[in-house]
Amino acid sequence: MKGFKSFASATSMRLEPGITCVVGPNGSGKSNVVDAIAWVLGEQGAKALRGGKMEDVIFAGTSGRAPLGRAEVTLTIDNTDGALPIDYTEVSITRRMFRSGESEYEINGNHCRLLDIQELLSDSGIGREMHIIVGQGRLDGMLHAKPEDRRAFIEEAAGVLKHRKRKEKAVRKLEAMQTNLNRLTDLTAELR
Ligand code: ATP
């Protein structure tokens, strides 16, 4: 992270398998780490990043330090298990944003579109719609949700929802096809 929210200087963190706890006083930037992960994975909503506008992620300056002109986050993922459909054992995703509002994305240092990142992540369970990030207050929401809504969360996280939607689409197509077949049968009967 560099120039991202409270991380004015380049800061790197290693997230090992298992549980990583980030400890610090209120307002020291713990949640900004999670925002950085959401942002580099393509988050497009300023509100989801706890800001008013997208440019709010750029270091705004403190009493002792001038504001910066750009924010940058790189997330390097160990891909030795091939979870991401790309021929590299390490995959680095970079997002950069300037005060002009202009954004840049890179996969392993090569410029790409946001769409390329979304496609790379889409089947891995770490896409931005996959509920990999549960924000403060969201847990409460989930615990108090109706059983059907809670099931939808779990299905989405498990990647079942995508297949359910595809199935619904296929069933609708089959129904339309059946209607056409019925009409055809009627017509054939009339012509006989
Ligand atoms: P809490 O324990 O209260 O939840 P936290 O450790 O999670 O706090 P964050 O919410 O991650 O803290 O960080 C808030 C801090 O980040 C504030 O001090 C805020 O001024 C700073 N901050 C947020 N955006 C920027 C920015 N664009 N430039 C500079 N500082 C920023």
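Colleague: Where is Lys 5 placed in the chain?

Modeller: Lys 5 sits in the segment before α1. Helices here are DSSP runs of H or I with at least four residues, strands are runs of E with at least two, and both are numbered from the N terminus. This is a predicted model: local features need pLDDT of at least 70, side-chain atom pairs count only at pLDDT 80 or more, and totals for chains, interfaces and linings use all residues. Residues are numbered from 1 along each chain as its sequence is written.

Colleague: Why is Lys 5 called buried?

Modeller: A residue counts as buried if 20 or more other C-beta atoms lie within 10 Å of its own, exposed if 12 or fewer, and partly exposed in between, with C-beta atoms placed from the backbone. Lys 5 has 23 other C-beta atoms within 10 Å, so it is buried. Its phi is near 45°, a positive value in a residue other than glycine.

Colleague: What makes Asn 108 partly exposed?

Modeller: Asn 108 has 13 other C-beta atoms within 10 Å, which puts it in the partly exposed class. Phi of Asn 108 is also positive, near 45°, again in a residue other than glycine. The residue belongs to the loop between β3 (103-107) and β4 (110-112).

Colleague: Which residues does Ser 92 contact, leaving aside its neighbours within four places in sequence?

Modeller: They are Thr 74, Thr 76, Asn 108 and Gly 109. Contact means that the C-beta atoms of two residues, placed from the backbone, lie within 7 Å. Ser 92 is part of strand β2 (residues 90-98), and with 15 other C-beta atoms within 10 Å it is partly exposed. Its C-alpha atom and that of Lys 167, 75 residues apart along the chain, are separated by 34 Å.

Colleague: How do you know that Pro 25 and Asn 26 are exposed?

Modeller: Pro 25 has 7 other C-beta atoms within 10 Å, and Asn 26 has 5, so each falls under the limit of 12 or fewer. Pro 25 lies in the segment before α1 (30-40), and Asn 26 is in the segment before α1 as well. An unreviewed UniProt entry places the feature "binding site" at positions including Pro 25 and Asn 26; such annotations may be inferred rather than shown by experiment, and the positions follow the numbering used here, with feature names shortened.

Colleague: Which residues come nearest to the ligand?

Modeller: Of the 14 residues around the ligand, these are Asn 26, Lys 30, Ser 31, Asn 32 and Ala 60. A residue is near a molecule if its C-beta atom, placed from the backbone, lies within 6 Å of it.

Colleague: What makes the span of helix α4 close to the expected one?

Modeller: The expected span is 1.5 Å times one less than the number of residues. Helix α4 (residues 147-158) has twelve residues and reaches 16 Å from its first C-alpha to its last, against an expected 16 Å. Just after α4, Gly 159 has a positive phi of about 80°.

Colleague: Why is the chain called more spread out than a compact globule?

Modeller: The chain has five helices and four strands, in the pattern α-β-β-β-β-α-α-α-α. The globule rule is 2.2 Å times the number of residues to the power 0.38, and the radius of gyration is taken over C-alpha atoms. For 192 residues the rule gives 16 Å, while the chain has 23 Å, well over that, so it is more spread out than a compact globule. Its C-alpha atoms fill a box of roughly 90 × 40 × 35 Å along the principal axes, and 14% of its 192 residues count as buried.
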